[in-house]
Amino acid sequence: MLSVAEATDKIVPAFAPIGAELVSLDQAFGRVLAEPLTARLTQPPADVTAMDGYAIRAADAAALPARLKVTMNIAAGYAPPGALKSGEAARIFTGAPVPDGADTIVIQENTDRDGDWVTIREGDRNPGQHIRRAGFDFKTGDVVLRPGRRLSVRDIALAAAMNRPWLNVSRRPRVALLSTGDELVNPGDAVGPAQIIGSNGIGLAAFVTACGAEPVNLGIARDTMADLDRHLDAANGCDALVTLGGASVGDHDLVQKALKARAAQLDFWKIAMRPGKPVMFGRLGALNVLGLPGNPVSSIVTATLFLKPAIERMLGLAQAAQPNPKVVLGRDLRANDLRQDYMRARLTTDAAGRATVAPFDKQDSAMLSLLAGADCLIIRPPHAPAAKAGELVEVLILGGGCLSI
Ligand code: AMP
Ligand code: MG
């Protein structure tokens with residue numbers, strides 16, 4: 001059997017970035033930036049006030065109270081009418097440019113207004129206070145966002161502030177998904193007594209979307225060479241093909257045979273992991289083919305390990321080699337066997353605010369209800385010794401999705 005790490009090393013490097021396209025900023029959330037993003041302007045464009053109040057010369061208010069003549073009124077969006085002279089104050093509102101000659105902002109709460117005059121009663125008058133200097137966020141030409149970054153909500157706001165209405169982003173890889181099995185019907189179809197819903201096709205389509213790629217659902221192929229062959233035609237033009245089920249060595253597992261009949265170069269591996277085990281990988285012409293197990297939990301867990309990083313490579317996502325976090329175990333675990341275990345588990349916060357993790361009692365690879373109820377997978381390396389509650393275990397977090405704020 002192949003280890004998870006060996007399988008990852010064989011699969012993931014076979015995928016390469018697939019190129020870029022131009023999209024408008026309002027379509028760019030969650031996409032992967034494919035160019036260094038330079039600011040097209042300086043932000044803020046001038047020294048501006050961060051508060052509502054009066055722009056003055058600090059020296060004019062060295063002693064309090066200080067009475068100054070209000071000679072101008074400056075709102076956000078308007079240039080100051082002129083420079084401020086000694087003995088003068090400018091009424092000013094948040095975001096408005098600070099007039100030349102002024103060097104501090106006094107907040108309005110510390111003043112009394114009387115017609116054309118203002119009295120500074122109290123408060124600090126330090127030079128520079130409440131003034132946002134021109135370009136303190138970024139300046140024209142600054143590279144503020146780098147390629148290979150998945151654009152978050154915050155990045156979109158930043159790109160907008162940088163006046164970048166169009167961005168070059170990685171093209172979304174088209175990932176074809178082929179379900180296989182005589183027993184499968186689509187959700188909503190009539191279900192015969194010996195039939196089940198082919199949940200993996202639609203589940204993996206959502207998975208592919210969550211990773212930032214575009215799913216192309218090829219539907220369900222029956223367990224015959226002719227029907228498999230017909231469905232495989234539809235993978236033309238896609239960037240990767242994922243088959244679900246039918247990859248084992250049973251009489252009805254024809255996926256390998258159908259692909260080989262099309263001259264695919266394929267390896268079939270048993271991977272030392274649970275859930276999972278049978279995984280197929282190879283090439284059909286220019287197309288990378290990944291064959292995942294049919295069991296619903298196995299397909300989602302193996303997709304998390306092998307398909308997600310493959311999609312990330314096609315997207316040109318800069319790989320941040322972040323190790324999985326370690327979390328305090330909430331209960332004892334038995335020693336593990338030779339297969340790396342991915343135990344469906346729930347995270348809770350204890351009274352001290354520490355995250356703790358506990359696996360479900362049942363770990364069957366066909367139980368989608370428990371997978372859906374899990375927050376994470378506890379990773380148990382091959383031959384891991386028994387672990388006691390309170391020890392740290394590595395977890396693979398499932399929640400949060402691939403898009404975040
Ligand atoms: P297979 O690898 O084709 O032998 O499938 C293994 C198990 O997964 C069988 O119990 C199948 O019925 C089930 N299975 C296969 N494909 C799917 C699917 N698309 N959705 C749900 N279950 C599936
Ligand atoms: Mg099958």
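Two strands pair if DSSP finds at least two bridges between them; helices (H or I, at least four residues) and strands (E, at least two) are DSSP runs numbered from the N terminus. In S20, proline 278 is the bridge partner of lysine 270. The model is predicted: local features need pLDDT of at least 70, side-chain atom pairs count only at pLDDT 80 or more, and totals for chains, interfaces and linings use all residues. Residues are numbered from 1 along each chain as its sequence is written, and side-chain values use heavy atoms, with hydrogens and water left out.

**Sheet**
- S18 and S20 run antiparallel and are joined by six bridges.
- An open sheet of six strands has the order S16-S13-S17-S21-S20-S18, with mixed pairing.
- Strand S16 (214-221) and strand S18 (265-270) are the edge strands, each pairing on one side only.
- Helix H4 (residues 225-233) packs on the sheet and touches S13, S16 and S17, where contact means heavy atoms within 4.5 Å.
- The direction of H4 makes about 160 degrees with that of S16; axes are lines fitted to C-alpha atoms, for helices over the stretch in contact, and angles run from 0 to 180 degrees between N-to-C directions.

**Nonpolar cores**
- A nonpolar core is a set of buried (under 20% relative accessible area, 1.4 Å probe, protein chains only) Ala, Val, Leu, Ile, Met, Phe, Trp, Tyr and Cys residues joined through side-chain atoms within 4.5 Å.
- The largest core has 40 residues, of which Ile271, Leu290, Phe306, Leu307, Ile311 and Tyr342 touch the most other members.
- H6 supplies the largest share of this core, nine residues.
- Beyond its neighbours within four places in sequence, leucine 307 contacts Leu204, Phe207, Val208, Val242, Leu290 and Thr302.
- A second, separate core of 21 residues includes Ala176, Leu178, Leu232 and Cys238.

Terms used
Chains are lettered from A and ligands numbered from 1 in the order in which they are written. Buried means under 20% relative accessible area, exposed over 50%, partly exposed in between (1.4 Å probe, protein chains only).
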